[in-house]
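Hi,

Here is the model you wanted to look at. Open it first, then read my notes below.

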Protein chains: 2
Amino acid sequence: MQGYETWAVIMAGGSGTRFWPASRKQHPKQFLRVAGSKTLIQETAARLGDLIPPERRLVVTGHEHVALVRKQLPKIPPENVLAEPTGRNTAPCIAWAAVEIARRSPNSVQVVLPSDSVIRPAAAFQKLVRVAIEEAANSNALVTFGVQPTFAATGYGYIEIGDELAMRGKTPVHAVQRFVEKPDRARAEVFLATGKYLWNSGMFVWTTNAILAALREHAPAVLTALEGCRTSAEAIAIYPAIPSIAIDVAVMEKARDVRVVPFGISWSDVGAWPALVDVLPADGDGNVNGGGAQLLAVDALRNVVHAPKGEIVALVGVSDLVVVRAGKAILVCPKDRAQDVKQIVDRLSREDPSWL
Amino acid sequence: MQGYETWAVIMAGGSGTRFWPASRKQHPKQFLRVAGSKTLIQETAARLGDLIPPERRLVVTGHEHVALVRKQLPKIPPENVLAEPTGRNTAPCIAWAAVEIARRSPNSVQVVLPSDSVIRPAAAFQKLVRVAIEEAANSNALVTFGVQPTFAATGYGYIEIGDELAMRGKTPVHAVQRFVEKPDRARAEVFLATGKYLWNSGMFVWTTNAILAALREHAPAVLTALEGCRTSAEAIAIYPAIPSIAIDVAVMEKARDVRVVPFGISWSDVGAWPALVDVLPADGDGNVNGGGAQLLAVDALRNVVHAPKGEIVALVGVSDLVVVRAGKAILVCPKDRAQDVKQIVDRLSREDPSWL
């Protein structure tokens, strides 16, 4: 790659509440084993394989989760874990990582990944990342991945694809026509029908120079605040003044040369409990059992179960439910109400925050 | 009461599986707090109030549950706990208690009660028991209580009432026309419509002489085997040879003079999880929460929840479910499938009996 050193940035700042009661403030989703024997962040790291060695992986996380990162990813050097004193969305996270990588390796390409997606198989993922790295290194464009939609999702942003700019192996690279915010159902149906729209995956590949230049042009307040930041301790003073803004809004929607690599392999952002259906094998009745507990199902169809090893969950005559046990809490709700777990979390935050 | 000493016999031999996972082989239903702060057997004992003192209460239970009885009913003298080496239904239990009471107090009346019903209020119960005691002492008949049906139950046996034989205070005493086994739905509807049928409550009042005479006439094999039985240790040798038979079949259906006191107060045999609705207060949405856990219900109606203190159960958008947590096991089933918990227990007894 023309002398470029390749780095990874794993964004682990999320504190999602949609996996309550398994996800807690002190233990958010990316640190949970919801999709198999590895936690989501461990699976994210493992997915990189030999593509990028641990000493060239940065993890950006909340300061309260540094210990979890160190424990779950012991091969990553301590100085590669950047602790945000407070969450400021993805733009500051990406800017800080870019500043840090520029200091250590000015002539580099970065692969920026959420820590809580599930993408399989790993070999196909690595092949697509290689394509994006080549594209970013050759063009100095900002490159993103767009997931081939499988249904008219209203929960994702979309990328409208433009001209095909290159073909790398069997993978095309397209110009990005525009980014689109989460659509309503009708627009999502149109997007799906045209075949010209991809889901915005939140994964990016770019040279360190390209992202720094784009930040300087489109989000100077974010970049200049972080340019002087050399340690997590320094970040404590800097972060409160930084605007909270997503990289899509701050940079991607404004940058001139943005390219997209279509992502045709299995991808899930594991947005809520029902998503386990997409990332775990089901039994003959469509029940999915994460977390290690024994599942005993009688006349029970298409349920999603998550409970600790050594426990047993018996379901009789129930269908399409989410049943979760974690840390002295039980959640039961229909799969199509799983978004409303937020209501539980909201009530607990008012009435009994010790459960969060 | 013409010099009669009044005794109570609390039958605590049940090993019901319908309250799994809270009920286990080592901890059956009567020892559970499913209907409030007392266990069912504690509530049964407390219900007797001052009517019969603890030293005149016998408890007949399985040998493996003697320690539980001693712990939950510490005021009952140890020699009043009769340990059955194996369950043989109610006739042997009643015969042994009769033999034991005859030895200690030949001129006595016995109040024989299951240990796992819920009857409220206690004062009204005591009034009805006093009526039955007077009737039994005066007539030397076998007296039973028949519960006023509130719906066309198919899960109970019925008692057809005959002539009114006496009026004690405001309570009539009727002859029993006949005992009827559990009917199908159509017959149950007829029974309800006639107003001539009561539910068989399994509670009895009789003089010790009357029940011994009836056993000698109708179930001599049961009585003679137990006449020599003076201790729980001796029962170990005797019990295996005793026929397993219910007192209804062995004696009540055959005896000549059987009388019934109609029981118009709140009664439940707490047959399965949905019965908690009858014995516990509901919240404004009809949800019933036993067991001490915190319940957080959002758009959740008429559910039955039972989980330990210190835990939380969050229900979102579910109705008419049973949700139970006990001893590392969770059960979720619709209330109208609660009888099928037996299928879970059957499968576990084959595949993994450690859960029973």
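This is a predicted model: local features need pLDDT of at least 70, side-chain atom pairs count only at pLDDT 80 or more; totals for chains, interfaces and linings use all residues.

Residues are numbered from 1 along each chain as its sequence is written, while chains are lettered from A and ligands numbered from 1 in the order in which they are written. Helices (H or I, at least four residues) and strands (E, at least two) are DSSP runs, numbered from the N terminus.

Helix α3 of chain A covers residues 90-104 and helix α6 of chain A covers residues 208-218; their axes come within 10 Å and cross at roughly 130°. The axes are lines fitted to C-alpha atoms, for helices over the stretch in contact, and angles run from 0 to 180 degrees between N-to-C directions. α3(A) and α6(A) are therefore oblique to each other (under 35 degrees counts as roughly parallel, over 145 as roughly antiparallel, 65 to 115 as roughly perpendicular, and the rest as oblique).

Which residues of α3(A) and α6(A) meet? From α3(A) they are I94(A), A95(A), A98(A), I101(A) and A102(A), and from α6(A) they are T208(A), I211(A), L212(A) and L215(A). Contact here requires the C-beta atoms, placed from the backbone, to lie within 7 Å. The residues of this contact of α3(A) with α6(A) divide into eight nonpolar, one polar and no charged. For those classes, Ala, Val, Leu, Ile, Met, Phe, Trp, Tyr, Cys and Pro count as nonpolar, Asp, Glu, Lys and Arg as charged, and the others, Gly among them, as polar.

In chain B, the axes of α3 (residues 90-104) and α6 (residues 208-218) come within 10 Å and cross at roughly 130°, and the crossing of α3(B) and α6(B) is left-handed.

α3(B) also packs against helix α7 (residues 220-227) of chain B, at an angle of about 45° and with the axes 9 Å apart. That angle makes α3(B) and α7(B) oblique to each other, and α3(B) passes α7(B) in a right-handed crossing. On the α3(B) side A91(B), P92(B), A95(B), W96(B) and V99(B) take part, and they meet V222(B), L223(B), L226(B) and E227(B) in α7(B). By class, the contact of α3(B) with α7(B) has eight nonpolar, no polar and one charged residues.

Now for the two chains together. A rotation of 180° with 0.0 Å of shift along its axis superposes chain B on chain A, with an RMSD of 0.0 Å. The two copies are thus related as by a two-fold rotation axis. The superposition is by least squares on the C-alpha atoms of residues with pLDDT of at least 70 in both copies.

How many residues of chain B are in contact with chain A? There are 29, and they touch 29 residues of chain A. On the chain B side, β13 (294-298), β15 (312-316), β16 (321-326), β17 and α11 (341-351) each supply at least two residues. β17(B) gives the most, with six residues. By class, the side of chain B that touches chain A has 20 nonpolar, three polar and six charged residues. The copies meet through the same surface, because 100% of the interface residues of chain B are also interface residues in chain A.

One open sheet of six strands, with mixed pairing, runs β13(A)-β15(A)-β17(B)-β16(B)-β14(B)-β12(B); strands pair if DSSP finds at least two bridges between them. At its edges stand β13 (294-298) of chain A and β12 (288-290) of chain B, each with a single partner strand, so one side of each is left without a neighbour in the sheet. The twist averages 10° from one strand to the next. Where the chains join, β15 (residues 312-316) of chain A and β17 (residues 329-334) of chain B pair in the parallel sense over four bridges, and V313(A) has I330(B) as its bridge partner in β17(B).

Another open sheet of six strands has the order β12(A)-β14(A)-β16(A)-β17(A)-β15(B)-β13(B), also with mixed pairing. There β17 (residues 329-334) of chain A and β15(B) pair in the parallel sense over four bridges, and A329(A) stands opposite I312(B).

Cheers

Key: Two residues are in contact if their C-beta atoms, placed from the backbone, lie within 7 Å. A crossing is left-handed if the near helix is turned anticlockwise from the far one by less than a right angle, and right-handed if clockwise.
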